[in-house]
Amino acid sequence: MMLDVQNLVHRFPGGVNAVNDVSFSIAAGETLGLVGESGSGKSTIGLLVTRLLAPTGGTILFEGEDITRLPPAALRKLRARLQIVFQDPWGSLNPRMTIGRLLEEPLALHTTLDSAARIAEARRLADRVRLPAASLSRYPHELSGGQLQRVSIARAIANRPKLVVLDEPTSSLDLSVRAGILQLLDELQRETGIAMLFISHDLETVRLVSHRVIVLYLGRIVEQAPAATLFDNPAHPYTQVLLSAHLPPDPAMRLRRHEVTGEIPSPINLPPGCFFAGRCPVALPACTAAPPPAIALEAGHSAACLRIADGTNIIDPVEERA
Amino acid sequence: MRLLEVEDLHVEFAARGLDNRVRVARALNGVSFTVDAGEVVGLVGETGAGKSLTALAAMGLLRAPARIPQGSIRFEGQDILAMSDRELEKIRGRRMAMVVQSPLTSLDPLKRIGDQLVRMQRVHGTARGAEARARAEAMLAAVRIPDPARRMQAWPHELSGGMAQRVLIAMALVNEPALVIADEPTTGLDVTVQAQVLDTLRDLVRARNLGALVITHDLGVVAHYCQRVAVMFAGRIVEDGPVAEVFARPAHPYTQALIASTPGRIAQLGYTVTGGTPPDLYDLPSGCLYRDRCPRATTACLAPPPRIALDATHGAACHYAWEAA
Amino acid sequence: MSATTLDRVVGTARRSPTFAVGFGIILVFALLAAFADILAPMPPTLSHPYETLKPPGSGPFLLGTDGNGMDVLSRVIHGARYAFGIALPAGAIMAVVGIPLGLIAGWRGGWVDEVLLRVLDVLRAFPTIILALAIVAATGQGFLNVILVVGFLDSPIFARIVRAEVLALRNATFVRAAVAAGNPEWRVLLVHILPNAILGATAQLPLRMAWAVRISATLAFIGIGVQAPAPEWGAMIRQGAEYVISGEWWVALFPGLALIAMVLGLNLAGDGLSDLLDPKRRATGK
Ligand SMILES: Nc1ncnc2c1ncn2[C@@H]1O[C@H](COP(=O)(O)OP(=O)(O)OP(=O)(O)O)[C@@H](O)[C@H]1O
Ligand SMILES: Nc1ncnc2c1ncn2[C@@H]1O[C@H](COP(=O)(O)OP(=O)(O)O)[C@@H](O)[C@H]1O
Ligand code: SF4
Ligand code: SF4
Ligand SMILES: [Mg+2]
Ligand SMILES: [Mg+2]
């Protein structure tokens with residue numbers, strides 16, 4: 001396993017329970033999608049596995065090595081192999097450095113290349129992510145959002161990492177630009193076999209890029225499955241609700257809606273049982289007692305819902321009103 | 001009934017560069033569309049295409065340094081561009097209303113939401129006192145805020161993003177305007193919340209026979225909540241028509257590229273579109289503005305393409321529109 | 001980019017007339033200071049015992065003479081040297097002490113931050129002029145002391161400006177990205193945070209220099225700090241003040257005007273600079 005996360009817990013100062021006992025793994029060359037609504041803990045997990053944040057509990061194994069607690073020097077060395085790309089392309093790059101210097105930086109930090117070799121490598125990287133050579137002498141504010149995101153990706157792959165966390169890398173980009181970035185990521189993975197943790201709230205994009213998908217709700221995994229299974233046969237009521245609220249960009253597709261009411265619990269004061277119980281259309285009295293365990297439906301597909309045991313977990317959709 | 005009619009609207013900005021030369025950004029380059037009562041029209045396009053500017057112009061909100069060198073905007077038959085600020089203030093918030101993005105910054109943080117709804121009515125003289133409060137509460141119920149009587153007393157910071165967005169819709173609709181313009185009303189909201197907000201808006205449009213212009217960059221919103229769509233690129237409407245028609249038979253290469261960029265299509269057909277940057281508004285090319293990115297461009301495209309009508313309701317600004325349709 | 005240097009100068013002036021005017025004033029004083037020996041008609045402390053308190057325009061004394069029979073014009077011109085003599089080193093001390101303090105306080109928090117905030121509280125509670133007065137009086141009246149006191153007294157204010165910027169930058173995505181790239185802490189601070197944090201401080205520098213010039217003149221005026229007959233504006237004003245009542249207004253007026261102009265110039269330059277340094281506003285040119 002490239003990455004193996006066991007019982008990850010993170011609690012922010014102020015009592016926000018952002019990540020609540022999350023376990024998953026990513027194999028070499030695999031893309032794991034992480035979906036969930038705002039505040040479900042996606043970014044926090046991204047920061048924890050790249051150790052930009054120290055977890056409150058749990059263990060993180062990267063290439064078999066326990067990186068949960070590492071001294072700063074070891075952590076810095078690790079960063080050559082473990083990288084992250086952030087959502088906001090405009091904010092992710094130092095506004096006072098040229099693109100060329102930004103691309104050279106990871107090489108300067110982790111290799112012994114001399115200046116000339118770094119410049120040559122920066123050119124190659126720019127070319128690899130299809131940035132015009134002229135952009136190397138530009139400053140970030142002179143580039144478009146899509147180009148900036150290519151710079152961030154180029155920086156992330158500069159030292160040929162084993163795993164890249166992509167935290168909503170396309171969410172703030174326009175549709176046609178988005179496709180270009182996804183294509184680039186797809187090519188990079190095919191060429192280098194790099195593993196990816198792809199974080200997004202956009203279900204369509206996650207379905208397109210991921211081999212496997214994890215659905216988070218309030219910092220807990222409610223379901224995980226191979227991408228096709230998850231999108232075609234969602235088992236957990238929350239996953240069903242989430243998928244049904246999605247608007248496919250095709251007017252010919254009829255919407256099958258599940259109405260949910262009720263408020264999302266506060267992450268500061270989480271209920272004892274299933275976090276979805278307050279909104280779940282098929283909740284049982286037992287659901288509020290204890291967190292439901294993850295139940296395997298088939299190989300690689302599991303969901304944490306009490307209804308799965310007797311197969312009553314599927315909610316009837318409300319057909320779209322004309 | 002025709003509510004809004006925008007014709008050949010041009011908007012430009014003059015700015016002075018580092019080198020002291022005045023340069024003109026041509027942000028809108030001939031925008032034409034209409035909104036009728038009882039319909040939701042979608043306006044889609046990428047960042048900087050001019051969607052928000054179009055909305056601001058229609059509301060009569062454009063201010064210097066923006067200039068309108070050409071074009072007309074008619075609302076309920078009146079010429080918006082010829083109206084004084086006083087006249088505009090009378091219809092804005094009353095006959096036409098706007099719902100903007102970032103709901104939490106658009107509500108007055110120091111006033112309870114009930115009071116804000118009441119003030120909205122008092123300013124326009126539609127209702128006051130107990131009547132205004134009753135209407136405010138009914139409006140909150142209409143946008144499906146649970147327990148509206150209690151929520152009247154809520155402060156803006158107590159609302160979630162989706163609820164705040166629905167309160168903004170309530171503010172826009174409390175004076176029963178004829179036209180609502182919603183600029184990215186659900187951008188940044190979660191899908192489940194987005195669905196609730198859009199349902200609310202659509203139900204109100206139907207129930208009250210309003211006209212709505214929904215600005216978005218999300219094709220899913222257009223596909224499921226709009227009857228007609230106008231696709232914008234570099235300050236021009238490049239294609240317009242009934243939603244089902246435009247999605248099934250997109251005629252403009254840009255519309256085709258947009259649809260081909262959706263993950264669903266990519267999954268079916270692979271990556272077919274190489275995105276690009278929009279043209280430099282300070283230095284627009286002559287002829288078709290999409291030329292640099294267009295796979296179909298020929299020398300004919302050095303001349304600006306007219307809107308070619310494919311049928312009574314569907315048209316595209318491309319020399320080869322009829323070939324694709 | 002085909003703009004000539006002249007074009008750029010004109011462009012800058014257009015984008016911030018405030019800065020242009022302020023900078024112009026400072027430039028004039030800088031030239032006066034640099035070429036004082038050539039520009040001043042006579043040495044500033046050359047006394048003409050038989051020509052004391054001559055009004056402006058008498059003989060070679062364009063702006064008259066003071067009570068010692070020294071040429072006011074020459075003294076005003078040489079006074080610019082004292083003004084820069086205080087503004088530049090005091091500004092340097094503020095920057096050299098204040099910026100690192102602000103950086104560390106903002107980044108690390110902890111005791112540096114605590115101490116900085118306490119010192120700022122004290123400074124805010126006391127009028128700085130009284131503090132400066134007390135310290136200079138206690139430590140001795142040399143010019144060097146004035147520079148040191150003014151410089152150190154102002155460095156916490158500088159530190160605070162930098163600290164505020166660092167606090168905001170600490171959570172910026174690009175700083176997080178710099179850590180994620182594997183930058184050691186010192187590099188994150190010096191390469192990524194510092195260049196982005198000193199914008200506000202840079203724009204403050206002329207303002208604080210103006211303050212330094214004013215304080216040093218005030219100290220000299222009360223008789224602490226630089227002493228007559230050194231051609232320092234504050235000292236000259238003090239000296240001239242005695243004669244204002246008896247009608248010899250020029251002795252105090254001209255150094256006073258020079259002081260006001262210099263302080264105004266620095267203030268205008270500082271205000272204009274904050275506009276000009278904003279990188280986003282520079283993006284209009286291609
Ligand atoms: N620095 C912080 N201090 C306190 N709470 C935090 C902090 N960062 C995140 N949180 C909280 O932790 C929870 C998870 O946040 P996280 O940013 O991981 O969500 P997310 O799934 O990435 O959401 P989004 O889709 O909005 O990016 C939220 O409740 C959030 O408010
Ligand atoms: N005040 C302004 N000065 C100069 N250009 C502007 C100004 N406001 C908007 N623009 C430009 O006009 C274009 C259209 O903007 P806008 O309508 O906000 O686009 P969007 O389609 O994203 O809503 C953009 O390129 C934008 O940069
Ligand atoms: S465990 Fe109970 S409340 Fe939770 S999703 Fe399943 S049925 Fe609903
Ligand atoms: S007019 Fe020409 S360049 Fe423009 S979209 Fe049509 S084919 Fe492409
Ligand atoms: Mg996030
Ligand atoms: Mg906009």
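Putting chain A and chain B together buries about 3000 Å², where buried area is the accessible area (1.4 Å probe) that two parts lose on being put together, summed over both. Carbon and sulfur atoms give 57% of that area. Keep in mind that this is a predicted model, in which local features need pLDDT of at least 70 and side-chain atom pairs count only at pLDDT 80 or more, while totals for chains, interfaces and linings use all residues. Residues are numbered from 1 along each chain as its sequence is written, chains are lettered from A and ligands numbered from 1 in the order in which they are written, and side-chain values use heavy atoms, with hydrogens and water left out.

**Where the chains meet**
- On chain A, 31 residues are in contact with 36 residues of chain B (contact means heavy atoms within 4.5 Å).
- The rule picks out one salt bridge across this interface (a side-chain nitrogen of Lys or Arg within 4 Å of a carboxyl oxygen of Asp or Glu).
- That salt bridge joins the side chains of A:Arg257 and B:Asp199, at 3.0 Å from N to O.

**Chain A's side of the interface**
- Helices H6 (175-192), H7 (203-209) and H9 (237-245) of chain A each bring at least two residues to the side that touches chain B (helices are DSSP runs of H or I, at least four residues, numbered from the N terminus).
- H6(A) gives the largest share, seven residues.

**Around ligand 4**
- Residues surrounding ligand 4 (a heavy atom within 4 Å of it) include B:Cys288, B:Cys294, B:Cys301 and B:Cys318.
- B:His252 and B:His319 are also among them.
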